[in-house]
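I opened my notebook to keep track of what I looked up today. Have a look at the sequence and the structure with me before reading on.

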Amino acid sequence: PLEGLAQDVAALTEGQAVSRGVRVVATAPVEGGSVVVGCDRAKVTQVVLNLVQNALDAAPDGSQVELRAEPLPGGGGRLRVLDRGPGIDDDAERLFAPGVTTKPRGNGLGLTIARTLARQHGGDLRLARREGGGTEALLELKAQPMPNRPGEVHP
């Protein structure tokens with residue numbers, strides 16, 4: 001369940017968020033029920049942790065980073081990571097290129113790796129301006145489980 005993964009990441013980042021004066025909140029789907037996706041939970045958790053870290057870095061003191069799980073038409077789900085930071089420019093795609101960073105001490109690999117992992121799962125990762133200011137990271141994943149490769153076991 002995507003909302004369970006979001007809640008776990010919110011709990012993992014709570015201490016860091018509090019130290020920055022920011023709240024991290026995971027919300028359940030509006031329609032109720034569970035948004036189930038097929039994924040390697042550890043790898044997708046790594047993706048979401050990266051997105052939340054970026055949101056925390058951008059979020060102003062006193063604001064909130066929100067994780068919203070939503071079902072996709074036809075199955076699968078979308079996880080939105082929303083912040084009220086300064087936002088992104090029109091050329092958000094460049095942020096996925098290796099070595100590109102907006103952080104003084106960043107290495108420019110976080111979003112590159114995160115998108116690669118999302119696509120390995122048959123999904124995708126995009127960034128967009130958030131209405132009212134800030135950034136929206138959109139992670140989309142399919143409903144069907146990943147096919148097992150020899151020697152791999154997926155719960």
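Is the crossing of helix 2 and helix 3 left-handed or right-handed? I found that helix 2 and helix 3 make a left-handed crossing. Left-handed here means that the near helix is turned anticlockwise from the far one by less than a right angle, and right-handed means clockwise. Helices (H or I, at least four residues) and strands (E, at least two) are DSSP runs, numbered from the N terminus.

A note on what I am looking at: this is a predicted model, in which local features need pLDDT of at least 70, side-chain atom pairs count only at pLDDT 80 or more, and totals for chains, interfaces and linings use all residues. Residues are numbered from 1 along each chain as its sequence is written, and side-chain values use heavy atoms, with hydrogens and water left out.

**Entry 1: the helix pair**

I looked up the axes of helix 2 and helix 3, which come within 9 Å and cross at roughly 145°. Axes are lines fitted to C-alpha atoms, for helices over the stretch in contact, and angles run from 0 to 180 degrees between N-to-C directions. On the helix 2 side, the contact (heavy atoms within 4.5 Å) is made by K43, Q46, V47, N50, L51 and N54. Helix 3 brings G110, L111, I113, A114 and L117. I sorted the residues of this contact into 6 nonpolar, 4 polar and 1 charged. For these classes, Ala, Val, Leu, Ile, Met, Phe, Trp, Tyr, Cys and Pro count as nonpolar, Asp, Glu, Lys and Arg as charged, and the others, Gly among them, as polar.

**Entry 2: L117 and K43**

L117 sits in helix 3 and is buried, at a relative accessible area of 10%. K43 belongs to helix 2 and is partly exposed, at 31%. Buried means under 20% relative accessible area, exposed over 50%, and partly exposed in between (1.4 Å probe, protein chains only). Along the chain, K43 and L117 are 74 residues apart, yet their C-alpha atoms are separated by 6.9 Å. Leaving aside neighbours within four places in sequence, L117 is in contact with K43, Q46 and V47, while K43 touches L117 and H121.

**Entry 3: the rest of helix 3**

Which residues of helix 3 are buried? I listed L111, T112, A114, R115, L117 and A118. These buried residues pack against helix 2, strand 4 (124–129) and strand 5. Just after helix 3, I noticed that G122 takes a positive phi of about 80°.

**Entry 4: the largest pocket**

I then turned to the largest pocket, with a volume of about 640 Å³. Among its 28 lining residues, N54, L95, T102, K103 and L111 are the closest to its centre. Helix 2 (41–58) gives the most to the lining, with 7 residues. By class, I noted 12 nonpolar, 11 polar and 5 charged residues in the lining.

**Entry 5: two more residues**

D89 lies in the loop between strand 3 (77–82) and helix 3, and is partly exposed at 37% relative accessible area. Not counting residues up to four places away in sequence, D89 touches R94 and R129. My last stop was L12 in helix 1 (residues 2–19), which counts as exposed at 58% relative accessibility. L12 and L49 are 37 residues apart in sequence and 8.6 Å apart in space, C-alpha to C-alpha.

Technical notes: On a 1 Å grid over the protein atoms alone, a cavity is a set of points where a 1.4 Å probe fits but cannot get out, and a pocket is an open set with protein on both sides within 12 Å along at least five of seven lines; lining residues have an atom within 4 Å of a point. Grid points are joined across faces, edges and corners, and a volume is the space filled by probe spheres set on the points.
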